[in-house]
Amino acid sequence: MNVLLTGCRSYTALDLARRFRDSGWNVFAADSVKFPVCRGSRAVKEFFHVPSPREGYREFIAALAAVIRSAGIDLLLPTSEEIFYIAHGREKLARYCRVFCDDFEVLKSLHNKWTFSGLTEGMSAQTPETQLLTSAVQLNELGDPSAFAFKPVYSRFASEALLAPSRLPEGFEPSADRPWIAQRYIRGRELCSYHLAVDGEIAAYGSYEPLYRLGRASGYYFKPVHREKIDRFAAELVRKLDFTGHVAFDYIEDKDGTLHVLECNPRATSGLHLADTAELMKPFGPRGERLSEVTGGKHFAVGRTPLENPAGIRISTGSTGSTGSAEHAEARPMIGYAMLANPFYHGFNPSGIGRWFNDFRHGRDMLFSRQDPWVPLLHAGSLAETVFDSLRRRISIKDAATADIEWDGEALN
């Protein structure tokens, strides 16, 4: 069985590659950067450099179709924002293999922060009061800006977010071409969850608190948490949409324990590191068993294998690591080099450093593996490529990491 992972610059793709390899699959990888982190992994049989979907959508789909045919791919599994382009071209790609993602319009409704807020109405967790902003006139009607979080309708990694600003920056002007949302700002504990869903049922999940973050952006140290409210909300939403694919959510738990869902990421996120391997691999069939015939429908539209716990509610309180064994139940996934780069995260004092050391000691590095020793070294090439793209495009390193695969609502022809 051959699987093709796209967006293989991400640590979640690396994790998936290793799990598929350990489950008996041949793993192939494709990306529009030349040195993604997966390229240095022994789990990957072959890497293919493909065009940027954002800069050449048709060329990207054609390149993937060629790779699928030449490598005999059985399953195409997107992991990052290239998923929107793959979903849009799914009809063509599904002629040759299974494409594990939902319809483009469904993904669009989840990615768009305004339409997602409407999807949560009447559910067990809802978005805070949210307003769509398409003109500067609406800003005057809001009142005190410090009561809101302002975000572009299409954005990621807290990019450009204005959280409870005392005043809005000069020149800030939402428009119909680039709308924003104003979401009631709620203080509390930040939580996140990831779910793998098949035809409206949750197959695998992981939820966590990002204890260490790069400013307001991505976390790099993930403490497992469990909330039945998270399980219930995620199960409700995927059932409502009959959803298939990766889906992840960001939440705020306020001081009263009320869970508010802020936004959705319909792609693989760091919670995947906490998912149980047996549960994560089950939707793709037992080892050695071929998937059912190619169709343009959803993943299990034909010959589906029923999943246990169709409500998607987790009973146990522990999350397991990539081995699925009990010894990893409390392990905390982390990006080791990011942790080592800032031992003073909690302050330049014995208490703060001691806290960091204790967290580091209980962390499990998602890059290093004794069976995969070259990944951290070769990852330097990936970081260098991102820095180069940042300088070339004159954008931040954070933005450069995904600039060539992002989708912000542009028409795809």
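Reader: Why does glutamate 160 count as partly exposed?

Author: In this predicted model, glutamate 160 has 41% relative accessibility. Buried means under 20% and exposed means over 50%, with partly exposed in between, so 41% makes glutamate 160 partly exposed.

Reader: What makes arginine 178 and glutamate 160 a salt bridge?

Author: Their side chains meet at 2.6 Å, N to O. The cut-off is a Lys or Arg side-chain nitrogen within 4 Å of a carboxyl oxygen of Asp or Glu, so 2.6 Å qualifies the pair. Arginine 178 sits in the loop between β8 and β9 (180-184), while glutamate 160 is in the loop between β7 and β8, and the two are 18 residues apart.

Reader: Which residues do salt bridges with shared partners join into one network?

Author: Arg54, Glu81, Arg156, Glu406, Asp408 and Glu410. Across the whole structure, a search finds 23 salt bridges.

Reader: How do you know that glutamate 406 and arginine 156 form a salt bridge?

Author: Their closest N and O atoms are 3.5 Å apart. The limit is 4 Å, so this pair counts. Glutamate 406 lies in the segment after α13 (397-400) and arginine 156 in the loop between β7 (148-152) and β8 (162-163), so the pair ties together parts 250 residues apart in sequence. Both glutamate 406 and arginine 156 are buried.

Reader: Why is aspartate 31 called buried?

Author: Aspartate 31 comes in at 3% relative accessibility.

Reader: What makes aspartate 31 and arginine 9 a salt bridge?

Author: The side chains of aspartate 31 and arginine 9 meet at 2.5 Å, N to O, and being within 4 Å is what it takes. Aspartate 31 belongs to strand β2 (residues 26-31), and arginine 9 to the loop between β1 (2-6) and α1 (11-22), 22 residues apart.

Reader: How do you know that β11 and β12 pair?

Author: 5 bridges join strand β11 (residues 201-213) to strand β12 (residues 219-224). Pairing takes at least two bridges, so these strands pair. They run antiparallel, with glutamate 209 opposite lysine 223 in β12. The two strands form a hairpin with 5 residues between them, and glycine 215 in the turn has a positive phi of about 60 degrees.

Reader: Why is isoleucine 83 called buried?

Author: Isoleucine 83 has a relative accessible area of 1%, and the buried cut-off is under 20%, so isoleucine 83 is buried. You'll find isoleucine 83 in helix α3 (residues 83-88). Setting aside neighbours within four places in sequence, isoleucine 83 contacts Pro78, Cys101, Leu107 and Pro266.

Reader: Which residues touch the most other members of the largest nonpolar core?

Author: Leu4, Leu93, Leu110, Phe233 and Phe249, out of 57 residues. Helix α2 (residues 57-71) gives the most to this core, with 9 residues. Apart from it lies another core of 41 residues, including Ala29 and Met334.

Terms used:
Residues are numbered from 1 along each chain as its sequence is written. This is a predicted model: local features need pLDDT of at least 70, side-chain atom pairs count only at pLDDT 80 or more; totals for chains, interfaces and linings use all residues. Side-chain values use heavy atoms; hydrogens and water are left out. Helices (H or I, at least four residues) and strands (E, at least two) are DSSP runs, numbered from the N terminus. Buried means under 20% relative accessible area, exposed over 50%, partly exposed in between (1.4 Å probe, protein chains only). A nonpolar core is a set of buried Ala, Val, Leu, Ile, Met, Phe, Trp, Tyr and Cys residues joined through side-chain atoms within 4.5 Å. Contact means heavy atoms within 4.5 Å.
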